[in-house]
Structure formats: structure tokens, C-alpha cells
Amino acid sequence: MLRDPFRRFLAGATLSLYGDWLTTVAMVVLVLRVTGSTAAPAGYMLARVLPRVVGAGPGGNLADRFGGARVVAICSMLQGILTATIILAEHNNAAWGVFLAVALAQLVNGVARSAMGTIIPTVVLGEGIQRANALYNFALASSLVLGPAIGAPFLAWKGPDLLLWIDVATFAVASLLMATLPTRAATSARRPFAGALPGLRLVRDDPTLRAMAFAYLADAIAVTAAGSVLVLAAEERLGGDGVVGLLYASVGVGDIIGALIGLRRKPPVSVRFSVSTTAITGILALAVFVLCHNFWVAILPLILNGTAEVCFQTWGPADMQRRVNVSVLGRVNAVIVLAQSTGMVIGAVGSLILVPLVHWDRALYIACCVALVVLFAGVVTGRSGEPTRNPDLSEGLSISS
């Protein structure tokens with residue numbers, strides 16, 4: 001049985017995830033309303049992604065110094081305040097204020113994401129860690145499927161402000177729940193704002209952690225590119241932009257399947273091999289999507305992509321949380337978050353450049369090829385034996401790979 005602290009963690013995380021989707025639905029409308037520019041949604045996406053890269057490293061350091069639950073609790077409170085600031089800026093028709101508040105909120109989000117990955121080992125022990133990660137991924141998947149569906153009628157009824165106020169409330173409740181969790185301030189680490197670099201050597205020298213980092217990086221490149229062109233695929237081949245929500249929901253269905261697999265099954269072979277092969281499967285599924293000209297056929301590779309993605313995002317973090325000492329877990333997790341955020345930036349910028357030049361389908365295919373090359377390079381290069389101890393991280397691995 002999972003202990004009561006985990007249930008509080010899961011409730012807080014789930015509220016925050018659903019609130020994030022409500023904000024995403026609201027912001028697409030809000031930025032168009034405030035700016036009147038069709039380029040505003042693209043600017044909003046960059047304002048969401050780029051600050052996360054900056055926040056990831058400090059988040060890991062702060063989690064190692066003060067405990068992940070404390071950091072996430074404070075970050076949730078700050079995100080709620082900044083979300084309320086977005087509403088204030090909108091009412092004053094201050095587009096710069098909206099984008100500034102979004103950027104600051106996502107900077108805090110990057111800090112929180114690095115710290116979030118350190119909480120599960122403090123509230124769940126042993127074999128329960130994989131189950132806990134699977135349940136967290138199930139909550140994430142359900143928010144992808146249900147979040148936009150919940151937000152749409154509220155948006156039509158009262159506009160974006162109501163969705164943003166609901167998100168403010170979810171942040172407040174999540175902050176209170178996270179503040180009740182046990183935490184381990186594991187280290188008196190100097191320079192808490194040093195960034196992700198202190199954990200980079202540990203990830204580089206451990207084959208399994210390295211494979212996971214590159215899986216997150218490669219998967220984010222392909223998935224972000226796919227998300228950037230999904231509406232174009234729908235309009236051109238799959239029945240119009242009205243099916244875009246269903247295409248996203250099919251990925252969410254795959255995510256739920258992957259979470260259920262993670263609940264029931266351990267990695268079939270080594271974690272390193274399982275993470276690598278499922279990441280490859282997910283990227284190849286998006287490459288197959290390029291060939292689809294029928295909606296009902298197209299949702300199958302999207303479901304497969306979601307399933308494969310959540311499998312490696314369950315098995316990899318569970319292995320990391322079992323093997324990496326809590327004293328450095330935040331900094332190691334910061335590298336994983338940084339890899340994923342960097343992949344998102346590469347995928348978004350690549351799509352912005354390639355789609356006008358080579359059409360959306362070739363752009364997505366190129367992104368998938370780049371992702372596979374990146375993943376292959378990360379898995380087969382580097383050290384493959386016993387991980388080297390990092391004296392700056394003080395016995396970072398509790399057991400060898």
C-alpha cells in the first residue's frame with residue numbers, strides 16, 4: 001500500500017496538472033485577444049518553454065538543499081500569484097505584462113519540475129517507487145485527455161478569466177498539500193543557484209542515466225515538432241481542424257495505456273535497453289504518422305507514441321529514484337528536465353524554420369530523424385562500465401548500474 005503522504009502528493013500534483021491544462025486552453029484565446037496578432041500563440045509557446053530551461057538547474061540545487069516538497073510548495077504559491085497577475089495584465093490590456101508573467105511563471109515551473117522528481121522517494125519506498133511513478137504519469141495522461149474537454153465549456157461560458165482563476169485555486173491547494181509532505185534537506189550544498197552542471201557528470205558517467213537523459217531529449221524534439229504541425233496535418237489530410245482535439249486526445253489515450261503498463265510490469269529487460277527501445281518506438285510512431293491520410297489510421301501511431309513515451313518515463317525515473325542518493329537526486333533530475341526542455345526548444349524552433357521551407361510532413365520526418373540520431377549518439381557513446389564517482393557530488397549513486 002502507498003502511504004498517506006503519497007496520496008497527498010498525488011492529489012496536489014494532479015490538481016496542478018489539470019490547472020495547467022485549463023491555463024493552456026485559456027491563454028491561446030487570451031493572447032490573441034490582448035495582442036490581436038496571429039503570431040501571438042507562437043510567442044506564447046516560446047515564453048512557456050524557454051524559461052523552463054533556465055529554471056531547471058537551480059530547481060535541482062534548491063531541492064537538494066531544502067527538500068523537494070518545500071521547493072514545490074513555494075513554487076506552487078508563486079505560480080498562483082503570477083497566474084493572477086496575468087489576469088490583471090489582461091484587464092489593463094498590457095500584452096507585455098501578460099508575456100512577462102507567463103515567462104516568470106514558467107521559470108518557476110522549471111524550478112518546480114526539477115524538485116518534483118525528488119519527492120516520490122521521500123514518500124514511497126522500495127518497489128512502490130515504480131507504481132508511484134506510473135500513478136503520477138496516469139494523472140498526467142488523464143489531464144491531457146480531460147483537461148481541454150473540461151476547459152472548453154468554461155471558456156465558452158465565461159471566457160479565459162474563469163479558467164485562470166481556477167488554476168490559481170489549484171496552485172493554492174497544491175501548495176498546501178505539498179507543504180504537509182515529509183522532506184529531506186539532504187545536503188548543505190554550496191551555491192544553490194549553480195545550475196544543472198553539478199549533476200551532469202553523474203548522468204554522463206552512468207550508462208542508464210545517460211540513456212534516459214537522451215531519451216527525454218530526443219522524444220521532446222519529435223513530440224514538440226509533431227505538436228507544432230498537428231493542426232496542419234488535420235486540415236490537409238485528416239478532416240479539418242475540428243479533429244485536432246481528438247488527435248491530442250489519442251496521444252492521451254496512449255499515455256494512459258503506458259501508465260497502466262507501468263503499474264503492472266517492470267522493464268522486460270535492463271532499464272537502459274527498455275528506456276532506449278521504447279523511446280525509439282515512440283519516435284518511429286511519429287514518423288509513421290507522416291504517411292497517414294486517414295483519421296482513424298492516423299490515431300494509431302499517436303496512441304503508440306503516447307504508450308511508448310509513458311513507459312520509458314515511468315521505468316527511467318523509477319530506476320533513477322531508487323539508485324541515486326537523495327543528497328544529489330535534485331541535481332541529477334535537473335539534468336533530465338533540462339534535456340527535455342532543450343528538446344522542446346529544438347523541436348519548436350526547428351518546426352518554425354522547416355515548415356515554411358519543406359512542408360509540414362517533411363519537417364516532422366526530419367525532426368524524427370534528428371531525434372533518432374541524437375538518441376543513438378547518447379546511448380552508444382560515452383562510458384559504458386562502472387560509473388565514475390563524482391567527488392563534488394559525494395557518492396551520488398547508491399548502487400552501480
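These are my notebook entries on a few things I looked up in this structure, which is a predicted model.

**Entry 1: a helix pair**

I started with helix 9 (residues 207-236) and helix 14 (residues 360-380). Their axes come within 8 Å and cross at roughly 175°. Angles over 145 degrees count as roughly antiparallel, so I noted helix 9 and helix 14 as roughly antiparallel to each other. Next I asked which classes of residue make up the contact of helix 9 with helix 14. I found 20 nonpolar residues, one polar and two charged.

**Entry 2: the largest nonpolar core**

From helix packing I moved on to the cores. The largest nonpolar core has 53 residues. Which of them touch the most other members? My list reads Leu-238, Leu-247, Phe-289, Met-320, Val-332 and Leu-364. Helix 9 gives the most, with 16 residues.

Setting aside neighbours within four places in sequence, I see Val-332 in contact with Gly-199, Leu-202, Val-203, Leu-209, Met-320 and Val-324. Met-320 is also on my list of core residues that touch the most other members.

I also wrote down a second, separate core of 30 residues, with Phe-9, Leu-10, Val-108 and Leu-135 among them.

**Entry 3: cysteines**

How many disulfides does the structure hold? I found zero. For Cys-368, the nearest cysteine sulfur belongs to Cys-369 and is 7.0 Å away. A disulfide needs the two sulfur atoms within 2.5 Å, and Cys-368 is in no disulfide.

Is Cys-368 buried or exposed? Its relative accessibility is 2%, so I put Cys-368 down as buried. Cys-292 also counts as buried, because its relative accessibility is 7%. The cut-off I used for both is under 20%.

**Entry 4: Val-34**

My last stop was Val-34, which lies in helix 1 (residues 4-35). With a relative accessible area of 13%, Val-34 is buried. What does Val-34 contact, leaving aside neighbours within four places in sequence? I noted Glu-90, Asn-93, Ala-94 and Ala-95. I also looked up Val-98, which is 64 residues from Val-34 in sequence. In space, the C-alpha atoms of Val-34 and Val-98 are 8.6 Å apart.

Definitions and conventions: Residues numbered from 1 in each chain as written. Predicted model: local features only at pLDDT ≥ 70, side-chain atom pairs only at ≥ 80, totals over all residues. Heavy atoms only, no water. Axes fitted to C-alpha atoms, helices over the stretch in contact; angles between N-to-C directions. Helix = DSSP H or I, 4+ residues; strand = E, 2+ residues; numbered from the N terminus. Parallel < 35°, antiparallel > 145°, perpendicular 65-115°, else oblique. Nonpolar A, V, L, I, M, F, W, Y, C, P; charged D, E, K, R; others polar. Core = buried A, V, L, I, M, F, W, Y, C linked by side-chain atoms within 4.5 Å. Buried < 20%, exposed > 50% of the residue type's maximum accessible area, 1.4 Å probe, protein only. Contact = heavy atoms within 4.5 Å.
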